[in-house]
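Here is a friendly walk through one protein model. Please have a look at the sequence and the structure before reading on.

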Amino acid sequence: MPNEIMNGIVLRVTDYRESDRILNVLTREHGLVTVTARGCRKPNHKLSAFATQFVYGEMEVNDRFGKLQLSSAAVLESFYSIRESYEQLVSATQVTRAAERVAENDIANDELFLLLYNALTVIAYGENDPKDAELAFMAKFLRLCGYAPTLTSCVKCGKDVREQKTVRFSNRLGGSVCEACGGAFKSVSALALEAWRRMMMLDASELRRVRLPEVVRAELDSLIYNYAEYVFEFTVKR
Ligand SMILES: [Zn+2]
């Protein structure tokens, strides 16, 4: 591959040798790529601004004996505020880690790319709790990965659960269970189920609208990550 231009988000950086850094980048054109940014840890190096976690930019890459090297890069969005807030940093780390687990080398996934880009934008600059954008990302991410849970009806008998006072949730069965069918499963509030449904259906560009009541946020944080841990063979949560 000759020099090629790619647009990507730096998911992870690993220091290497004296002044290099290896970057795991989610690109729009080629999915996950690993590139070496040679010399980027030297003071005032031209690649140092780009070779930083969460940065979105345009990079020019060349292939050196099968290994990709960064020859130049332009920062398009640094998401700088993420590095100044603990809550933002935690949420940004969660969404990038989740994206990295499912992104595939050399396979473009525009939906995943745009979802991550929008989530980082709202985590960095949104007006609501960054956790809300993180949970909305996870709801959409699970759906994108083919793991959308059933949230409107009972997975066992098919009865509509939206009007029911008590609803339960089963990771194994993949969704909500009515009281009559699932007394042993953990109960969930109608508000949390409704919020999950809405977040899952939201357009990625609308993540900034998500604003959860505190009690629902806490409930969904546990519910969604428990489910994610169950459906993936890996642990999404730190
Ligand atoms: Zn049922």
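What follows covers surface charge, backbone angles and cysteines.

This is a predicted model, in which local features need pLDDT of at least 70, side-chain atom pairs count only at pLDDT 80 or more, and totals for chains, interfaces and linings use all residues. Residues are numbered from 1 along each chain as its sequence is written, and side-chain values use heavy atoms, leaving out hydrogens and water.

Let us begin with charge. On the surface, a patch of positive charge brings together Arg17, Arg38, Lys42, Arg64 and Lys67 (patch residues have over 30% relative accessible area and no salt bridge, and like charges are joined within 9 Å; a salt bridge is a side-chain nitrogen of Lys or Arg within 4 Å of a carboxyl oxygen of Asp or Glu). One of these, Arg38, lies in the loop between β3 (31-37) and β4 (56-64) (strands are DSSP E runs of at least two residues).

Arg17, another patch member, sits in the loop between β1 (4-16) and β2 (20-27). Its phi is positive, near 50°, although Arg17 is not glycine. Phe65, in the loop between β4 and β5 (67-77), also has a positive phi, about 55°. Most residues other than glycine have a negative phi.

The table lists exposure (buried is under 20% relative accessible area, exposed over 50%, partly exposed in between, with a 1.4 Å probe and protein chains only).

| Residue | Relative accessible area | Class |
|---|---|---|
| Arg17 | 61% | exposed |
| Arg38 | 44% | partly exposed |
| Phe65 | 85% | exposed |
| Cys154 | 3% | buried |
| Cys157 | 42% | partly exposed |

Finally, the structure has 0 disulfides (pairs of cysteine sulfur atoms within 2.5 Å).

Terms used:
Patch = residues over 30% accessible without salt bridge, like charges linked within 9 Å, V, L, I, M, F, W, Y side chains within 5 Å. Areas by Shrake-Rupley, 256 points an atom, 1.4 Å probe, with all protein chains shown as cover. Lys, Arg positive; Asp, Glu negative; His and termini not counted. Charge placed at Lys NZ, Arg CZ, Asp CG, Glu CD. Helix = DSSP H or I, 4+ residues; strand = E, 2+ residues; numbered from the N terminus.
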